[in-house]
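Hi everyone, thanks for coming.

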Amino acid sequence: MFKREKVTDLNEYFTDLNGRRQKGVFFSRINGYNEQIGTFVQRYYEEARKSGVIIEGKIPNPDDHNLSYYNEIMGMDFYMDRDFICTSLGRWLPRMNDYQRGTVADAIYGSLDRLMKDGKNLNMLKNAYIKFMCWLYYKFERIVSRLGENIVPKILYEGTISQYELLLFSVLSGAGCDIVLLQYSGDSEYTKLDPGNRRSDPLQLPQMTPFPQGYSLKKVRQDIQEQLEHERLYGEPPSVVACTNAWISGKGLEDARANLTARGQDPHLFYNCFYRIRGVEDKLIYLNELYQFQLEIRNSGRKLVITDDGIPAPSPEEISHIQRGMYTDVNQMISGLSANIHYRQSMELQKIMRKAFIDLILAESRRDGMNLNKLTNKAVYLLCWLERYGKELFGNWVRGEISCFIYFGACKSSNEILFLRMLARLPADVILFEPNLNETAHIEDPVLYEISYNDSMVVSKYPKQNAEVHMGTAAYHAERELDTIMYRDSGIYRNQQYEKANAVTLQTMYEEIEILWDQELKYRPNFSVVDEVVTLPVVFAKISGVKDGDVNAYWSSVKRLLIEDTVQIKRVPNLSATDVNPMKAFATEFLKNGRVQKRKIKEHKQYKYSVLRDEMQDYILEKLQELLDQKALKGTFENGTEYTIVSTVLNMDKDIVRLIQKFDFTKKNPKLVYFCVNEETLSLEDSIMAAFLNRIGFDILFFVPTGYQVVEKYFQVRMVEEHQIGEFIYDLAVPDFNRISSREPRRTWRGIFKRGT
């Protein structure tokens, strides 16, 4: 019989019998979990799979077929005698040698003897004996012939053990087996069977917690299989690995400047840093410090890449160079795509690159909501960018070299963040500068080191040349700080503070229009600024009829609206398809798959708006795209109307363009007034212009004394708010407003009473 020893180190389970103290065996109960136990169970599972038995769930009781076969071979005799048991084992399990039979017979006899002392009768002992014999034959036959050998057989059991299972395990433990019980529900049920821990020992380790939800041997088996598949993915590992930030002092650029040999001397490591520096320590010297830093890196002979305004997305040509196939699972996809990483000058660098790529893609695959198609796209982006920047960063790389990659500004996409994290696992310092605290990105990485300063500074590009370094005085920066305090969330706005806006049409009473008309936008209802985007409450209305039929009062009320920055259109239609428009010939080039080709438009020789502020050019083209997307005009993307929209918007009148150029989203907006006094309707081009300028932020009024449907013809939906203010009057002519008084006519008591008669 083998003596049971209490384990003091889990690694003792994997020591051969001859190397153990007193040649004992181990029988442990594991009732909790930590990382050490997780690793142990995986290894023990593998050992039990090779030289033992794994039991997931109960050991099934012998069925009728099992008992029938036992009766046929052994008969149903039973004697409470050690020699009888030993002889029976020789017939039932002939592969056991004399030593093994004797040891197992002693153990079985001892267990039955304890049952007899506990009051069990002979028939109960017989049933237990037959159950043991069947279990040994059908479940444990592969290990009973290896009992007592130097490599100790292993049994791994999960769940809540029964009385007879415990008795059999006591037999096998005494005969020379190591046993581990995984008890996910704790030890309470077991201690009812063995209150004195006579048959096994509870394992006690520091920081044990309950088993994780869903933990099981099935999960362990899946994890082992996944590890094997991952090992096949990685192939031969690199001989050097990253030591990222473990060596730094936390002083930012000073660490990145550090001599490479002074960072560390372990030949199996390369020493790099991964920094994110938010805000500015000293505005007076910030730009010069950045300029000097990149100059020092270049002069030291290290390779340097600097990106401003994000990392451009891979081009179709770059994507086409990535060899890929149809994938059915993540491992297949990673295996196929990682083959694109070639670096013939250094196989060591190739291994480092592949490991970094596989590490991150596997981690991404575990994110909630991640699917194979999305993951494949991310992987392709990484490979394209690695190919694009890898030549600059790692050309003719030799061991010990550390390049430098600078990302200036807040990251704009999750793919960019993933690429930066991958670079940080390669022989490169990766530094993210975010001087503007109002623009930030959410980045998580266990090795990222962050430095934050309180001051914020708006800088559009990293200063690479002397000409790009513009140094501000202390007074200048003080003024900028005051500017930030005054104009952020205060209701006070500086000139041209915002670059983006969305117009919303107000629903009003007719009498409110005159009140709102000369009012700054910031004072109108529903004005707001959210995330640097202004909501512009604008008027877009049709005034039908003449109030009280009083033509003189009607024209006076109109004149009061003809304030500064108001464009008057007295003839309808104003624009027509036959007008000279140099943009018509190119409209098909400027629109592709429903998208406005902004770059192509801006680079075209006929483009009229290049003299405008850059942000206003972008605003015009964005609103053009919005007008197309909303299909506000009939026939858009149906009969070619979209090309008319493009050519009309790109050929606006000079006066209107100038109003757009000076438009400040928080102040008074430009106005457009149409006079539709006869039966002529707005042309398609007029309708396009009105709909577009409404989205730009113009106030627009249509005066239609006839009440005719002369405005709505080309609008897809009801866009214009209509106010019927009085009786319809025909054949009016638009007067010379210089001769019209803007004063509201006085109404006498005589006039009032006269109207009542």
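By cavity I mean a set of points, on a 1 Å grid over the protein atoms alone, where a 1.4 Å probe fits but cannot get out, and lining residues have an atom within 4 Å of a point. Points are joined across faces, edges and corners, and the volume is the space filled by probe spheres set on them. Searching the whole structure turns up one cavity of 30 Å³ or more.

Quick housekeeping: this is a predicted model, where local features need pLDDT of at least 70, side-chain atom pairs count only at pLDDT 80 or more, and totals for chains, interfaces and linings use all residues. Residues are numbered from 1 along each chain as its sequence is written, and side-chain values use heavy atoms, with hydrogens and water left out.

Okay, who lines the cavity? Among others, Glu499, Met616, Tyr619 and Phe665 do. Let's stay with Tyr619, which sits in helix α23, residues 614-629. Helices (H or I, at least four residues) and strands (E, at least two) are DSSP runs, numbered from the N terminus.

Is Tyr619 buried or exposed? It counts as buried, because its relative accessibility is 1%; the cut-offs are under 20% for buried, over 50% for exposed and partly exposed in between, with a 1.4 Å probe and protein chains only. Leaving out residues up to four places away in sequence, Tyr619 touches Glu499, Ala501, Leu536, Phe665, Arg695 and Ile696, where contact means heavy atoms within 4.5 Å. Ala501 is 118 residues from Tyr619 in sequence, yet their C-alpha atoms are 8.2 Å apart.

Next, the cores. A nonpolar core is a set of buried Ala, Val, Leu, Ile, Met, Phe, Trp, Tyr and Cys residues joined through side-chain atoms within 4.5 Å. The largest has 63 residues, and Tyr674, Leu693 and Phe702 have the most contacts inside it. Helix α26, residues 684-696, gives the most to this core: eight residues. Another core, of 53 residues, lies apart from it and includes Val305 and Phe405.

Last stop, the sheet. Five strands form an open, parallel sheet, in the order β9-β10-β11-β8-β12; two strands pair if DSSP finds at least two bridges between them. At the edges are β9 (304-308) and β12 (449-452), each pairing on one side only. Six bridges join β10 to β11, and Cys404 stands opposite Asp429 in β11.

That's my tour, thanks!

Technical notes: 1 Å grid on protein atoms, 1.4 Å probe; cavity = no way out; pocket = protein on both sides within 12 Å on 5 of 7 lines; lining within 4 Å.
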